[in-house]
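Subject: Structure handover

Hello,

Here is the structure you asked for, with notes on what was found in it. Please read the notes with the model open beside you.

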Amino acid sequence: MTTFLKLGFLPLLGGNMTKKCASLKASKHKVFDVHGAGDAEFPSFLPKEVEKIKDPFARSLAKRIERLPVQIGYSKSCIMSSCVKPLIRQSNKTTPVVLLHCFDSSCLEWRCTLPLLEEAGLEAWAIDVLGWGFSDLETRPPCDMVSKRHHLYQLWKSHIRRPMILVGPSLGASVAIDFTVHYPEAVEKLVLINPSVYAEGTGHLAKLPESVAYAGVSLLKSIPLRLYANMLAFNSIPFLTILDWTNVGRLHCLLPWWKDATVSFMLSGGYNVISQIKKVKHRTLIICGEKDQIVSYKLVVKLHSELSNAIIREVYDSGHLPHVDNPKWVAELIANFAEDDAGADARSPFCLAQVTASRG
């Protein structure tokens, strides 16, 4: 389990998320309901277990998930790739915000933050990284780092087609850095949230016999492990609420190709972007949760020192997934950064605390 935590494995749904999402003012509830297409049905390609999810924000965003054709290789074959598209495409003068997700996760991570970004006037996309999420992977390439990078580029080239603000939480930060170094023209700015970028790939997991790897991945999918992780991360949360969050977090694992795709990633060696970090020249916002227990604060400071054009902002009283724990705060930071404001505390209605050198 420790290895999976280093990769960024953590429950998709944060401890105070229901209360904080529910605290959005009434007008924002109405906007969210509209964004969720009201009484629209769930896409037919989602596992039927989506019907059992009670979280209203997860249900609303799930109804917006669709699949777009993304051509791979030199053939005419396409991967029908899952994502949440923006409700309204902005003009070419605006910069789209593209949201990635953590290790073994999906676009449902963004169910509270994405609508707030849209309310702020941003063109927000939530993209499922190849091998995870809800894409049709019955026929698929290897789900290694190179294939994930190429797939994201082809999706960007076919459907987004403008330099973007690329947002990567946890292991998604490694995905974002690797992509930016190889396709700098596709990225205008970076946002890295509690970035897991100093892991040397999947480590010893890459050397496991295939049969053992499949057994380990089966464990990763299990309700007891994911429920246990939720209960470790969050205190004083009703059991039935934690169970519902667990079901959201493992929904994509119920697709028939999830196990093969995850083993493919594990045995490929995963992400190791340590040598690429100093090659990133783009302006970067690093967001860290005050109470993150997964990514060391010292590593966040190290990353800041190795990036040539980066700033750090801290989200108060938040853990490893501030975009889930505190969606309003993260949306405010991203929106300000998109407008070259960088989330200055003096103007922020959420009083976001900047990271200071005095923090240990």
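A word on burial before anything else: a residue is called buried when its relative accessible area is under 20%, exposed when it is over 50%, and partly exposed in between, using a 1.4 Å probe and protein chains only. At 3% relative accessibility, cysteine 288 therefore counts as buried.

The model is predicted, so local features were taken only where pLDDT is at least 70 and side-chain atom pairs only at pLDDT 80 or more, while totals for chains, interfaces and linings use all residues. Residues are numbered from 1 along each chain as its sequence is written, and side-chain values use heavy atoms, with hydrogens and water left out.

Overall

The chain has 14 helices and 8 strands. Helices (H or I, at least four residues) and strands (E, at least two) are DSSP runs, numbered from the N terminus. Of the 360 residues in the chain, 58% count as buried. Contact means heavy atoms within 4.5 Å. Among contacts between residues at least 6 apart in sequence, 76% join residues at least 24 apart.

The sheet

The 8 strands make an open sheet with mixed pairing, in the order S1-S2-S4-S3-S5-S6-S7-S8. Its edges are strand S1 (65–71) and strand S8 (310–315), each of which pairs on one side only. From one strand to the next, the twist averages 30°. Two strands are said to pair if DSSP finds at least two bridges between them. Axes here are lines fitted to C-alpha atoms, for helices over the stretch in contact, and angles run from 0 to 180 degrees between N-to-C directions.

S1 and S2 run antiparallel and are joined by 7 bridges; in this pair, proline 69 stands opposite methionine 80 in S2. S2 also pairs with strand S4 (residues 124–127), again in the antiparallel sense, over 2 bridges, and valine 84 stands opposite alanine 126 in S4. Strand S2 (residues 78–84) is mostly covered, with 5 of its 7 residues buried.

S5 and S6 pair in the parallel sense over 6 bridges. The bridge partner of glycine 168 is leucine 192 in S6. H7 packs on the sheet and touches both S5 and S6, its direction making about 145° with that of S5.

Loops with positive phi

Serine 170 has a phi of about 55° and lies in the loop between strand S5 (164–169) and helix H7 (171–182). Its relative accessibility is 0%, so serine 170 counts as buried. Asparagine 194 has a phi near 40° and lies in the loop between strand S6 (187–193) and helix H8 (210–221). Asparagine 194 is buried as well, with a relative accessible area of 1%.

Serine 135

Which residues does serine 135 touch? Not counting residues up to four places away in sequence, they are Arg67, Ile79, Met80, Ser81, Ser82, Leu255 and Trp257. Serine 135 sits in the loop between S4 and helix H6 (145–160) and is buried, at a relative accessible area of 1%.

Cores

A nonpolar core is a set of buried Ala, Val, Leu, Ile, Met, Phe, Trp, Tyr and Cys residues joined through side-chain atoms within 4.5 Å. The largest has 53 residues, and Leu166 and Phe179 are those with the most contacts inside it. Apart from that core lies another of 46 residues, among them Ile72, Leu108, Leu117 and Ala126.

Helix H14

Helix H14 (residues 327–338) has 12 residues and reaches 16 Å from its first C-alpha to its last. That is close to the expected 16 Å, where the expected span is 1.5 Å times one less than the number of residues. Of the 12 residues, 10 are buried, so H14 is largely enclosed by the rest of the structure. The buried ones include Trp329, Leu333 and Phe337. After H14 comes aspartate 340, with a positive phi near 65°.

Cysteines

How many disulfides does the structure hold? There are 0, a disulfide being a pair of cysteine sulfur atoms within 2.5 Å. Cysteine 143 is buried, with a relative accessible area of 0%.

Regards
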